Amino acid sequence: ARTSVDLDTILLIAASFGVGTAMEKTGLAATVAEWIVTPAMNFGTVGVLAAIVLATMAVTEMITNNAAAVLIFPIATAAAVQSGTDPRAFAIAVAMAASASFLTPIGYQTNTMVYGPGGYRFGDYARLGAPLTLVVAIGIVGGIAFQWRMW
């Protein structure tokens, strides 16, 4: 059992908890949230939600989904507060968007596992994952906006 544990993944997730807490306590999360909220507010609360979903999806393609959720969560809650929305809606959006990694083979463990044996190229993920990512993003934003009556 000890040899099957990926220590790098455990360390990345553990470090991201510290980084997420530091972002919140230093005010960086609020500052980044302001950068997202200010232009997105032109499209209303749904625009802010969409911006958070897209930011989460972008980050989850580069690091694990758990680490992406931990890093974006304080930014999302700060964005929710700044836009006058229930932070729970944004927390759910982050959780769902962080699990929607379809654009790269490094964003999620299963993608990495099938990359070599399946004979895929890096670009295959983006080509096939982009439409799926778009559909999932629209579903997340639409479903949450409907549930929390953001229209």
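Me: What covers the buried residues of H7?
Reply: Happy to start there. In this predicted model, the cover over the buried residues of H7 includes helix H3 (44-60), helix H5 (87-98) and H6. Among the residues covered are Tyr-125, Thr-133, Ile-140 and Ile-144.

Me: Why is Asp-124 called buried?
Reply: Asp-124 has a relative accessible area of 10%. Buried means under 20%, so Asp-124 is buried.

Me: And why is Arg-127 called exposed?
Reply: Its relative accessibility is 53%. The cut-off for exposed is over 50%, so Arg-127 counts as exposed.

Me: What makes the pair Arg-127 and Asp-124 a salt bridge?
Reply: The closest N and O atoms of Arg-127 and Asp-124 are 3.1 Å apart. A salt bridge needs a side-chain nitrogen of Lys or Arg within 4 Å of a carboxyl oxygen of Asp or Glu, so this pair qualifies. Both residues lie in helix H7, three residues apart, about one turn of the helix. In general, an α-helix has 3.6 residues a turn, so residues three or four places apart point the same way.

Me: Which residues are linked with Asp-124 in a network of salt bridges?
Reply: Arg-121 and Arg-127 are linked with Asp-124 in that network. The side chains of Arg-121 and Asp-124 meet at 3.6 Å, N to O, and the limit is 4 Å, so this is a salt bridge too. Arg-121 is exposed, with a relative accessible area of 59%.

Me: How many salt bridges does the structure hold?
Reply: Three. One of them joins Arg-88 and Asp-86, with the closest N and O atoms 2.7 Å apart.

Me: Why does Asp-86 count as partly exposed?
Reply: Asp-86 has 23% relative accessibility. Buried means under 20% and exposed over 50%, with partly exposed in between, so Asp-86 falls in the middle class. Arg-88, at 56%, counts as exposed.

Me: How do you know that the length of H7 is close to what is expected?
Reply: Helix H7 (residues 122-147) has 26 residues and reaches 36 Å from its first C-alpha to its last.

Me: Which residues form the nonpolar patch on the surface?
Reply: Ile-106, Met-113, Val-114, Tyr-115, Tyr-120 and Phe-122 form it, with about 590 Å² of accessible area together. Helix H6 (residues 109-115) gives the largest share, three residues.

Conventions
Residues are numbered from 1 along each chain as its sequence is written. This is a predicted model: local features need pLDDT of at least 70, side-chain atom pairs count only at pLDDT 80 or more; totals for chains, interfaces and linings use all residues. Side-chain values use heavy atoms; hydrogens and water are left out. Patches are made of residues with over 30% relative accessible area and no salt bridge: like charges are joined within 9 Å, nonpolar side chains (Val, Leu, Ile, Met, Phe, Trp, Tyr) within 5 Å. Accessible areas come from the Shrake-Rupley method with a 1.4 Å probe; for residues, only the protein chains shown count as cover. Helices (H or I, at least four residues) and strands (E, at least two) are DSSP runs, numbered from the N terminus. The expected span of a helix is 1.5 Å times one less than its number of residues. Buried means under 20% relative accessible area, exposed over 50%, partly exposed in between (1.4 Å probe, protein chains only). Contact means heavy atoms within 4.5 Å.
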